[in-house]
Amino acid sequence: MRGSAYRTLYSIGMMCADQIFNRVLEFVAANISHQNWKHRQASLRAFCTLLEGSDTHKMQSATVKALVEFIRLLDDNSEDVQFNAAFCLNKIAEFFPECFVQHQQFSEILDMISSKLQRSVRVSIELCNIFT
C-alpha cells in the first residue's frame, strides 16, 4: 500500500475506528493468508490503522489473536510483507505492550522475533524497535 493511501486510511482509522472495526477485521481475516503478497501487505496495514483509535478492550483482544499470525508473516517470501509485519508488530508493542508480555506464548514469541533480526535492515530496525 502506497504511503499516501496508507496515511489516508490511517486518518480514517483515527477518526472512526470503532465504526469500521469489524469491517477492517473481516478484511484482514480474508486477506492475511492470500496468495497475492499485496493482499497480505494491505491486511497488515489495515490492521495498523485500528491500533490508535479503537476501543482498547476490543483492540487488545484482536491483537492477542493476531500476534502469532503476524510473527509468522516475518517468514513471508515477500520482503514488503516481512517489513509490514515487523511494522505492525512494532506498532502493537507501542500501543499494546501488554499483548506481548501477557501472551501465553511470550517466551516463544520473543524467540521467534529474535531469530528474525538477521533480516533486511528495514525489517530488523522495526523488530529492534519492539524492544524499546
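**Figure 1. Glu 79 and Arg 122 in a salt bridge.** In this predicted model, Glu 79 is partly exposed, with a relative accessibility of 40%. Its partner in a salt bridge is Arg 122, and the closest N and O atoms of the two are 3.3 Å apart. Because Glu 79 belongs to helix α4 and Arg 122 to helix α7, the pair ties together parts that are 43 residues apart in sequence. Arg 122 is also partly exposed, at 34% relative accessibility.

**Figure 2. Lys 116 and Asp 75 in a salt bridge.** The closest N and O atoms of Lys 116 and Asp 75 are 3.2 Å apart. Lys 116 is buried, with a relative accessible area of 11%, while Asp 75 is partly exposed at 45%.

**Figure 3. Lys 91 and Glu 94 within helix α4.** A salt bridge joins the side chains of Glu 94 and Lys 91, with an N to O distance of 3.3 Å. Both residues lie in helix α4, 3 residues apart, which is about one turn of the helix. Glu 94 is partly exposed at 48% relative accessibility, and Lys 91 is partly exposed with a relative accessible area of 24%.

**Figure 4. The largest nonpolar core and Ile 92.** This core has 37 residues, and Ile 92 is among those with the most contacts inside it, as are Leu 44 and Phe 47. Helix α4 gives the most to the core, with 9 residues. Beyond its neighbours within four places in sequence, Ile 92 is in contact with residues including Phe 47, Leu 67, Phe 70 and Phe 100.

Technical notes: Residues are numbered from 1 along each chain as its sequence is written. This is a predicted model: local features need pLDDT of at least 70, side-chain atom pairs count only at pLDDT 80 or more; totals for chains, interfaces and linings use all residues. Side-chain values use heavy atoms; hydrogens and water are left out. A nonpolar core is a set of buried Ala, Val, Leu, Ile, Met, Phe, Trp, Tyr and Cys residues joined through side-chain atoms within 4.5 Å. Buried means under 20% relative accessible area, exposed over 50%, partly exposed in between (1.4 Å probe, protein chains only). Helices (H or I, at least four residues) and strands (E, at least two) are DSSP runs, numbered from the N terminus. Contact means heavy atoms within 4.5 Å. A salt bridge is a side-chain nitrogen of Lys or Arg within 4 Å of a carboxyl oxygen of Asp or Glu.
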